[in-house]
Amino acid sequence: SKSSKWANRQYLHRYDDRDGIGLVASGSNTNINNSRKRRRSLEGDVDSAISTAISRARQERTARTVAEQLHNLRAKRRVAAAHRLAGVSVLPFRKESGADDILGVRFDVCLNGEFVARYHVFFEIVLVLSNDGHQSPKKTVGDISSQCSTAVLRLAQHTLPAPGIAVQPILEKNFGPSGMLAVDVMDTSCKEAKLYDIRQCVGDIHDSCHAYAMRREACRYLRRKESNKRGNGARVWNVAHNDGYDRISFDFCLDANTSRNGSSSAAGGEINLTIQLCYDEQSIARPTSMGIKHDGDEVPDLDMMEAIEDIREALFSYPISVVLEEKIDPILRSTRK
């Protein structure tokens with residue numbers, strides 16, 4: 001009875017663990033096969049988990065690599081954007097011959113925190129033949145010339161606005177009457193002098209680009225001011241300028257009874273002026289001469305004459321937008337005290 005009591009409990013029989021699959025009753029072949037299947041399934045699950053982990057690690061490593069590349073690219077772009085604030089970037093080019101005989105210069109003009117203009121200038125080194133006292137470009141530096149020749153740096157192309165910026169006077173000022181700079185093999189002191197001439201030429205072009213952009217933006221501001229019929233304070237109309245923005249004219253009317261902020265002023269009447277600005281020096285953003293005409297029928301009193309002179313001095317010292325937006329009220333307050 002005792003043996004019959006435990007006869008149906010196979011887990012108390014002899015156990016066989018030869019395959020390392022756990023304690024399995026040797027009396028049941030079905031249990032052994034199932035255990036082996038479970039072992040194979042477990043091995044497959046482990047292999048799949050390992051493969052998934054390896055793939056995930058590779059993806060994470062790739063993602064980190066891509067993130068590092070993007071970070072480095074953004075850093076380079078930030079450096080490049082910061083470099084643009086200097087206004088001048090040098091862009092060397094190489095021809096098929098392998099010689100660095102082209103020099104590109106980019107000019108970025110930044111006004112009020114925004115880049116408003118970009119211009120390019122390209123210089124190249126060529127060989128000029130000295131025949132009967134005159135020079136004519138013949139071959140590049142990479143070519144071989146049997147005749148007497150001199151390597152010079154000259155302006156090849158540019159995107160500067162014309163009219164607006166006259167390049168030839170700048171070249172003649174820095175490179176000589178021919179507008180070309182001799183760059184043959186020379187000693188250290190002569191090389192420094194040539195580099196100084198090139199830097200001066202590039203600086204003069206940059207100043208001209210900046211001044212041109214400021215004059216152009218001033219005309220755009222006057223156009224916006226002219227189209228804005230609302231608001232108190234200074235009113236502008238009859239805005240005119242030439243293509244080079246070096247001749248600017250506009251009519252200017254200031255209601256002296258009311259300042260821009262709407263507060264009452266001690267002044268009375270209106271100041272009607274016709275202002276003509278001349279920019280004869282292209283590298284300077286301030287006018288070189290100015291004409292102001294009072295359009296009123298009455299003869300200006302001393303206070304109005306003083307206000308006109310203050311406006312003249314302000315236009316010589318500050319941009320037009322600053323004068324009309326910030327300097328008019330202080331001028332009226334100081335005049336009518």
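**Proline 163 and its peptide bond**

I began with proline 163, which sits in the loop between β7 (149-158) and α3. The model is a predicted one. I looked up the peptide bond that joins alanine 162 to proline 163 and found it cis, with omega about 0°. I noted beside this that most peptide bonds are trans.

**Helix α3**

Next I followed the chain into α3, residues 167-175. Which residues of α3 are buried? I listed Val167, Ile170, Leu171, Asn174 and Phe175. Viewed down the axis of α3, the buried residues fall within an arc of 100°, so they line one face of the helix. Just after α3 I came to glycine 176, where phi is positive, about 110°.

**α3 against α4**

I then looked up how α3 packs with helix α4, residues 188-227. The angle is about 155° and the axes are 9 Å apart. I recorded the crossing of α3 past α4 as right-handed.

Which residues of α3 meet α4? From α3 I wrote down Ile170, Leu171, Lys173, Asn174 and Phe175. Their counterparts in α4 are Asp197, Ile198, Gln200, Cys201, Asp204, Ile205 and Ser208. Sorted by class, this contact has 6 nonpolar, 3 polar and 3 charged residues. Going back to the burial list, I saw that Ile170, Leu171, Asn174 and Phe175 are among the buried residues of α3, and these four also meet α4.

Most residues other than glycine have a negative phi. I looked up two residues that depart from this.

Asparagine 238 is not a glycine, yet its phi is positive, about 55°. I located asparagine 238 in strand β9, residues 234-241. Is asparagine 238 buried, partly exposed or exposed? I found a relative accessible area of 45%, so asparagine 238 is partly exposed.

Tyrosine 245 also has a positive phi, near 55°. I placed tyrosine 245 in the loop between β9 and β10 (247-255). Its relative accessibility is 16%, so I counted tyrosine 245 as buried.

**Leucine 85**

I turned to leucine 85, in the loop between α2 (29-84) and β3 (88-93). With a relative accessible area of 59%, leucine 85 is exposed. What does leucine 85 touch, leaving out residues up to four places away in sequence? I noted Cys110 and Phe115. I also checked leucine 85 against phenylalanine 107, 22 residues apart along the chain, and read a C-alpha separation of 9.9 Å.

**Isoleucine 102**

Isoleucine 102 lies in strand β4, residues 102-111. How far apart in space are isoleucine 102 and leucine 155, C-alpha to C-alpha? I read 9.8 Å for this pair, whose members are 53 residues apart in sequence.

**Whole chain**

The chain has 6 helices and 12 strands. Of its 337 residues, 31% are buried. Among contacts with a separation of 6 or more, I noted that 49% are between residues 24 or more positions apart.

Notes
Residues numbered from 1 in each chain as written. Predicted model: local features only at pLDDT ≥ 70, side-chain atom pairs only at ≥ 80, totals over all residues. Heavy atoms only, no water. Buried < 20%, exposed > 50% of the residue type's maximum accessible area, 1.4 Å probe, protein only. Helix = DSSP H or I, 4+ residues; strand = E, 2+ residues; numbered from the N terminus. Arc of directions from axis to C-beta. Axes fitted to C-alpha atoms, helices over the stretch in contact; angles between N-to-C directions. Left-handed = near helix turned anticlockwise from the far one by under 90°. Contact = heavy atoms within 4.5 Å. Nonpolar A, V, L, I, M, F, W, Y, C, P; charged D, E, K, R; others polar.
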